[in-house]
Amino acid sequence: MAGAREAPAKKVLVWDLPVRVFHWTVVGAFAIAWLTAGGRGSVHELSGYVILALVIFRIWWGFAGTKHARFADFFPTPRRLKAYFVALVLGKKRHHLGHNPIGALMIFTLLALLAGICASGWMMLTRAYFGIQWVRDVHTVLSYTALFLLPLHVLGAILSSIAEKQNLVLAMITGRKRASPGIEAKSEEELFREQTLDRLRSVEAFAFMSVMIAAGTLVWFNIELPEEAPPPEREQPEVAAAPKPSPDVDRRDYVYGVPPSPTLTWMLASGGRLYDKWYAALRVPAPRETHPRWPASNTALSGAETWRCKNCHGWDYRGRDGQYARGKHRTGIRGIRRAIGWDPRKIVAILGDANHRYTNVIIPPDAKYRVALFVSKGQHNTNRYIRRDGSVRGSRQRGKAIFQNLCAICHGFDGKKINFGTPEEPIYVGTYAKRNPWEVLHKIRNGFPGKTMVALRAFRMRNAVDVLSYAQTLPTK
Ligand code: HEC
Ligand code: HEC
């Protein structure tokens, strides 16, 4: 070892191991992030988190690291920049063992860009900033700026290599550069012992502060909107306002809450309401943009609606093979019948895939699990109860008894007490039951997302079918 260092062109260790590892891991992670950009895939997100961690580490190391790793060593002060340019113009040689001021300028710019890219990318996944256009714009612009600066950075390294007659790219791998005379060559170990350890203590405070700030920001942006809070007041161009809370404040717990120890039956009904319209069931803002997987050929629906499970998979859970084979809901997407009996965890994973893109910010994990339970264990076979023409195989007489004793509380004996339409064009229980028995059966079983309607989930399927069959006889005018 010692022999090598005493060779004629004396090389000294300039870039310590952490600096080198940082440099090349960032290169790799940045490349991966670019290759996986566009989709909101988990690889892209993961590479973003890796870069963020590396940048935070590098900032810390900029204070705690060995001589040439420290920001103070190469911070491009106006004085240093001026001296560098003067020397350049006069053609004088100035040897910079660490970064020269121009290189340093580039490094700080790239570090700031990376931090900005990570921060904006991460904001895109938070509840508070999800779907907000300016955040996405910032992410894109910063990413392209970094991409544009990288070749300049490489070019700078090559030009400096020529000027200094040594390979600076190689130096970032071996850590060693040729030194001007009078500089002692040190081993990695010596470097660390002499230059780092005494600094670590003062730097602990800095590290502690950064961690606290990072944790604070995390908590702040991921904070759940409290149940009682009004919909976010800030302008949210890309996110629809949360559905208005039911005026029925007393029953809010029933509509949006989770019982202290939920039964499987309750979870299935809750999952059914989420399948119906999760953003109404959870009272959260819905994405405004059309779901990326929504077929362009279908222009009948757009925006939040295209994020409802039922709009892709159908009220009969049969997708393209059922009611949605044609008409304004035609998507060509298969149903979810095949998933009956699947492990709910597998279905939860599907909800995060490229076909779905429900991050945990969009639908919280506990709700995802309930909708997965519904898919696995809660579907009924609509073909068994509803004929092709929409008529129902049930007992009207038994259904009538249920309707008069239960549904009539809210809908009146004739089903006309609540008008779902307009005064001019009223829609009553009878209207819906005839128009879309598949939907009404789903709602009778599972309840109405975001509304105080009962769910018959705890009773035998026959009851729901019977009441549906009676509801079809109720007046539509
Ligand atoms: C924008 C359309 C769209 C929405 C909304 C949507 N899905 Fe899907 N879903 C798909 C596509 C596309 C597939 C893949 C179908 C295929 O393999 O042909 C799929 C597949 C599935 C599968 C697997 C089915 C199988 O047989 O492989 C399940 C389960 C599923 N979705 C559940 C849900 C649930 C639950 C929701 C609501 C939280 C939902 N989906 C919302 C488009 C959608
Ligand atoms: C506690 C009150 C309540 C009870 C009991 C109740 N509902 Fe409802 N129902 C509602 C509310 C609230 C809505 C939603 C009204 C709206 O859209 O604003 C609704 C909506 C409906 C709809 C419209 C579905 C749609 O697609 O828009 C149908 C059909 C319906 N109920 C049938 C029934 C039947 C059948 C029963 C008996 C099993 C029943 N309801 C029991 C409160 C109730």
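**Exercise 1. Is H356 buried or exposed, going by its relative accessible area?**

Keep in mind throughout that this is a predicted model.

Step 1. Start with the cut-off: a residue counts as buried when its relative accessible area is under 20%.
Step 2. The relative accessible area of H356 is 16%.
Step 3. H356 is therefore buried.

**Exercise 2. Describe the site around the iron atom of ligand 1.**

Step 1. Find the protein residues that coordinate this iron: they are H313 and H356, each through its NE2 atom, at 1.9 to 2.0 Å.
Step 2. H313 belongs to helix α13, while H356 is in the loop between α14 and α15, so the pair ties together parts 43 residues apart in sequence.
Step 3. Look at the geometry. There are 6 donor atoms around the iron atom of ligand 1, and they subtend angles of 88 to 179°, which makes the arrangement octahedral. For six octahedral donors, the ideal angles are 90 or 180 degrees.
Step 4. Check the accessibility of the other histidine: H313 has a relative accessibility of 13%, so it counts as buried.

**Exercise 3. Which protein atoms are donors to the iron atom of ligand 2?**

Step 1. The protein donors are NE2 of H411 and SD of M453, which lie 1.9 to 2.2 Å from the iron.
Step 2. Now locate the two residues. H411 is in helix α17 (residues 396-411) and M453 in the loop between α19 (437-446) and α20 (461-471), so parts 42 residues apart in sequence are tied together.
Step 3. The 6 donor atoms around the iron atom of ligand 2 subtend angles of 82 to 180°, and the arrangement is therefore octahedral.
Step 4. Compare accessibility. H411 has a relative accessible area of 10%, so it is buried. M453 has a value of 23%, so it is partly exposed.

**Exercise 4. Follow the salt bridges that involve D276.**

Step 1. Begin with the total: the structure holds 9 salt bridges.
Step 2. One of them joins the side chains of R308 and D276, at 3.0 Å from N to O. This pair links distant parts of the chain, with R308 in the loop between α12 and α13 and D276 in helix α12, 32 residues apart. Both R308 and D276 are buried.
Step 3. D276 also forms a salt bridge with K443, and here the closest N and O atoms are 3.0 Å apart. D276 lies in helix α12 and K443 in helix α19, so this pair ties together parts 167 residues apart in sequence. K443 is buried, as is D276.

**Exercise 5. Where in the chain are R136 and E289, whose side chains meet in a salt bridge?**

Step 1. The N to O distance in this salt bridge is 3.3 Å.
Step 2. R136 is in helix α7 (residues 133-164) and E289 in the loop between α12 and α13, so to speak two distant parts of the chain, 153 residues apart.
Step 3. R136 is partly exposed at 22% relative accessibility, and E289 is partly exposed at 24%.

**Exercise 6. Explore the aromatic rings.**

Step 1. Count the pairs: there are 18 aromatic pairs.
Step 2. Take W278 and Y358 as an example. Their ring centres are 6.0 Å apart and their planes are at 85°, so the pair is edge-to-face. W278 lies in helix α12 and Y358 in the loop between α14 (344-351) and α15 (365-378), so the pair ties together parts 80 residues apart in sequence. W278 and Y358 are both buried.
Step 3. Look for a group: ring pairs link F63, F71, F74, F75 and F108 into a cluster.
Step 4. Finish with charges over rings. K346 lies over the face of W342, 3.8 Å from the ring centre. The charged end of R435 sits over the ring of Y432, at 5.9 Å from its centre.

**Exercise 7. Which residues does A304 touch, leaving out those up to four places away in sequence?**

Step 1. A304 is in the loop between α12 (264-282) and α13 (309-313).
Step 2. With those sequence neighbours left out, A304 touches Y279, A286, P287 and R288.
Step 3. A304 has a relative accessible area of 18%, so it is buried.

Terms used:
Residues numbered from 1 in each chain as written. Chains lettered and ligands numbered in written order. Predicted model: local features only at pLDDT ≥ 70, side-chain atom pairs only at ≥ 80, totals over all residues. Heavy atoms only, no water. Helix = DSSP H or I, 4+ residues; strand = E, 2+ residues; numbered from the N terminus. Buried < 20%, exposed > 50% of the residue type's maximum accessible area, 1.4 Å probe, protein only. Contact = heavy atoms within 4.5 Å. Donors = N, O, S within 2.8 Å, 3.2 Å for Na, K, Ca; no water. Tetrahedral: all angles 85-135°; square planar, octahedral: opposite > 155°, others 65-115°. Salt bridge = Lys/Arg side-chain N within 4 Å of Asp/Glu carboxyl O. Phe/Tyr/Trp six-rings, centres within 6.5 Å; stacked < 30°, edge-to-face > 60°. Lys NZ or Arg CZ within 6 Å of the ring centre and 35° of its normal.
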